[in-house]
Amino acid sequence: MNDLHSDERVFATPDGVRLARMDDVEDNKARGFVLQMRAGRFHGFVVRRGNRVHGYVDRCPHMGLPLAQKLDDYLVPGGAHIACSWHAALFRVEDGQCVGGPCNGQRLTSWPVHVDAGMIVTGLGDGAPG
Ligand code: FES
């Protein structure tokens, strides 16, 4: 640990960070990202649906745990919902709303991401979601 970076957990990122090539995330799959910034460390994930992407902070609203216990394991088989691997809460991919499990009625914290020239980039870009 050096004093340039904080151990704090942060729940948002600056816009314009290039995360990965869209081609590196399979359709109906998810990929986790950790961004170390001066202010602290951000944990998030992106779900690909066709040529759209949906991003969320990697934190279950129920107990604040990271959703996946295995690398990139954020979805139920087939990819229909996001799932918390600890107590099986289910969330809609499109808006992060919990639709089953112990955090019913709550929702994941959105992490704005978009696709620009084949790259997944943080922020809303031209303002269009995903
Ligand atoms: S921490 Fe996710 S359902 Fe309990």
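With 130 residues, the protein chain has a radius of gyration of 14 Å, which agrees with the value near 14 Å that a compact globule would have; the radius is taken over C-alpha atoms, and the globule rule is 2.2 Å times the number of residues to the power 0.38. This is a predicted model, in which local features need pLDDT of at least 70 and side-chain atom pairs count only at pLDDT 80 or more, while totals for chains, interfaces and linings use all residues. Residues are numbered from 1 along each chain as its sequence is written.

**Overall architecture**

- The C-alpha trace of the protein chain spans about 40 × 35 × 25 Å along its principal axes.
- The protein chain has 0 helices and 10 strands, where helices (H or I, at least four residues) and strands (E, at least two) are DSSP runs, numbered from the N terminus.
- Of the 130 residues, 28% count as buried, meaning that 20 or more other C-beta atoms lie within 10 Å of the residue's own, whereas 12 or fewer make a residue exposed and counts in between make it partly exposed, with C-beta atoms placed from the backbone.
- Among contacts between residues at least 6 apart in sequence, 49% join residues at least 24 apart; a contact requires C-beta atoms, placed from the backbone, to lie within 7 Å.

**Sheet S6-S7-S8**

- Three strands form an open antiparallel sheet in the order S6-S7-S8, with two strands counted as paired if DSSP finds at least two bridges between them.
- Strand S6 (81–83) and strand S8 (98–100) are the edge strands, each pairing on one side only.
- Neighbouring strands of this sheet are turned by 40° against each other on average, direction ignored, the axes being lines fitted to C-alpha atoms and angles running from 0 to 180 degrees between N-to-C directions.
- Strand S7 (residues 90–92) is joined to the antiparallel S8 by 2 bridges, and phenylalanine 91 has cysteine 98 in S8 as its bridge partner.

**Sheet S2-S10-S9**

- A sheet of 3 strands, also open and antiparallel, has the order S2-S10-S9.
- S2 and strand S9 (113–116) form its edges, each pairing on one side only, and the twist averages 30° from one strand to the next.
- S9 and strand S10 (residues 119–122) run antiparallel and are joined by 4 bridges; valine 113 has threonine 122 in S10 as its bridge partner.

**Phenylalanine 11**

- Phenylalanine 11 lies in the loop between strand S1 (9–10) and strand S2 (18–21), and is partly exposed because it has 13 other C-beta atoms within 10 Å.
- Not counting residues up to four places away in sequence, phenylalanine 11 touches Phe42, Val57 and Thr109.
- Phenylalanine 11 and valine 57 are 46 residues apart in sequence, with their C-alpha atoms 6.4 Å apart in space.

Terms used: Contact = placed C-beta atoms within 7 Å.
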